[in-house]
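Here is a short report on a single protein chain. Take a look at the model before reading on.

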Amino acid sequence: MIQAIITIVILWGAWTLGSLAWTKYSITSGATLLDSAEFEAKSRGGQLIDVRDAPDFKAKHVLGARNIPAQMLIQNATAVRKDKAVFLVDANNQTAARVVRKLKKLGYTDMYVLKGGFAKYTGKVKAAS
């Protein structure tokens, strides 16, 4: 019984670490991770896109961001221009990793992701009133 529990814990830990490593690799192979201050400074003049679902976006989002939920963006990336830098915000970087992989396949090259997702953002936000 104890061996089974230990095996489960080890497998869960390996899966979790592997998932985090894959997320980071997916982002850094196609985009640059930026902390809050860098993200806020560099995103001016770029395409600031929040890929979270609409209710999360409406509740609170990075000031100046527009909402294109990840699934919609993955299915139809024409809403994003290739000739301007793309700045992505999500909840925890896992969604952004999927979006970065898709946009990279479509030829996007100038992409940035908010490190740690919206939960770690310390810059200006707009909250629902």
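## Order of elements

From the N terminus, the chain runs α-β-α-β-α-β-β-α-β-α-β-β. That gives five helices and seven strands. Helices (H or I, at least four residues) and strands (E, at least two) are DSSP runs, numbered from the N terminus.

This is a predicted model: local features need pLDDT of at least 70, side-chain atom pairs count only at pLDDT 80 or more, and totals for chains, interfaces and linings use all residues. Residues are numbered from 1 along each chain as its sequence is written, and side-chain values use heavy atoms, with hydrogens and water left out.

Five strands form an open sheet in the order 1-6-5-2-4, with parallel pairing. Strand 1 (32–34) and strand 4 (66–67) stand at the edges with a single partner strand each, so one side of each has no neighbour in the sheet. Two strands pair if DSSP finds at least two bridges between them.

Strand 2 (residues 47–50) and strand 5 (residues 86–89) run parallel, joined by four bridges. Leu48 has Phe87 of strand 5 as its bridge partner.

## Burial and contacts

The chain has 129 residues, and 36% of them are buried. Buried means under 20% relative accessible area, exposed over 50%, and partly exposed in between (1.4 Å probe, protein chains only). Ile5 is partly exposed, at 44%. This residue belongs to helix 1 (residues 2–28).

Of the contacts with a separation of 6 or more, 70% link residues 24 or more positions apart. Contact means heavy atoms within 4.5 Å.
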